[in-house]
Amino acid sequence: MFGRTFAAVTLTCLIGATTPTRAHDMFRFVGTVVKMDVAKKSLRMKFVENKKELVVDIAVTERTPIERDGKKASRSDLKPGLNVVVDALGDDYESLVAEKIKIVPPPR
Amino acid sequence: MTSADRTRPDPVSATQLAIATAAALAGAVIILAVAVLPAEYGIDPLRTGAALGLLRSLPTEVANESAAAAPSGTALKPEQHGASSKYSAPYHVDRAQFVLGPYQYIEYKYQLAQGATMVFAWEASAPVIHDFHGAPEEGGADAEVSIDKATRSRASGSLAAPFAGMHGWYWENPGGTSITITMTSAGFYNAAIEYRSNHTRHVHELARPTAGVDAPER
């Protein structure tokens with residue numbers, strides 16, 4: 001009995017101590033679509049940051065609004081090579097969820 | 001002994017429970033100091049974060065921000081004397097220029113005490129989505145208050161801070177061509193921070209007015 005109580009209290013404290021209390025950060029990515037995996041609901045895009053080309057994978061949920069020319073678009077519209085602006089929430093570039101995706105004309 | 005007595009577990013004494021709670025709390029505090037603080041907040045009191053490779057590297061600019069953004073006592077708080085306000089330190093002047101890449105945004109904010117004033121003017125090379133807003137010291141992003149929101153290419157005006165906190169501009173480039181924004185201001189602020197869309201922050205140095213700079217040309 002004592003062992004179970006000890007384990008339960010310990011587990012509760014550990015979960016409390018290790019759960020991050022920080023809110024997610026909002027990131028904006030301006031780049032091009034590498035691949036939209038509709039089955040995995042994951043968008044891979046590339047962009048340039050500090051003169052380096054980077055690639056990130058961003059989760060795209062059913063609730064993520066996708067827009068093109070001010071009209072609603074779908075995940076299947078995210079074709080490779082298209083220019084996109086993605087606002088995504090996450091702690092870092094490894095854990096991103098898209099909040100909003102806009103298909104835009106290429107930068108001039 | 002009844003069957004109920006055989007199945008009932010031994011009761012735990014208050015002392016045992018207290019020991020278990022204290023041990024669990026001690027364990028949690030150790031984990032907090034060893035792993036969570038270094039990984040999540042870049043605070044490494046036991047140097048274990050660096051040793052274990054957990055230390056979150058915060059940009060220098062962000063580290064500087066907390067010092068720069070911290071209100072410096074009552075130095076820039078207004079003291080009301082009828083229609084005028086007095087401050088115990090001179091105002092700051094600032095001039096900044098930003099280049100907004102295609103579809104990028106930037107925020108530029110000053111730390112102001114409640115009631116502290118500033119004047120400003122900014123101009124962009126093309127219309128930008130603009131939101132002049134304030135964020136109270138307490139309450140976080142959810143407590144932000146929009147003061148003036150529009151798509152335009154210039155604005156000028158003044159502000160008496162409605163609350164203590166960061167006050168300034170959000171500018172977003174809505175198009176595919178880079179836009180340059182130039183802004184000047186003067187006021188009783190004590191920090192200027194630039195927030196970029198790639199989530200980096202840069203503290204800007206502020207200047208004090210000098211007779212040579214502020215005197216009108218003759």
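I looked up Phe188(B) and recorded it as buried at 16% relative accessibility; buried means under 20% relative accessible area, exposed over 50% and partly exposed in between, with a 1.4 Å probe and protein chains only. I noted that the model is predicted, that local features need pLDDT of at least 70 and side-chain atom pairs pLDDT 80 or more, while totals for chains, interfaces and linings use all residues. Side-chain values use heavy atoms, without hydrogens and water, and residues are numbered from 1 along each chain.

Rings of Phe, Tyr and Trp (its six-membered ring) pair if their centres lie within 6.5 Å; planes under 30 degrees apart are stacked, over 60 edge-to-face, the rest tilted.

I recorded Phe27(A) and Phe29(A) as stacked, because their ring centres are 6.2 Å apart and their planes stand at 20 degrees. Phe27(A) is buried at 6% relative accessible area, and Phe29(A) is buried at 0%.

I checked Tyr91(B) and Phe188(B) next: with centres 6.0 Å apart and planes at 75 degrees, the pair is edge-to-face. The pair ties together parts 97 residues apart in sequence. Tyr91(B) is partly exposed, at 29%.

I traced a cluster linked by ring pairs; among its members are Phe98(B), Trp122(B), Trp169(B) and Tyr189(B).

I found the charged end of Lys109(B) over the ring of Tyr195(B), 5.4 Å from its centre; the criterion is NZ of Lys or CZ of Arg within 6 Å of the ring centre and within 35 degrees of the ring normal.

Note on methods: Chains lettered and ligands numbered in written order. Helix = DSSP H or I, 4+ residues; strand = E, 2+ residues; numbered from the N terminus.
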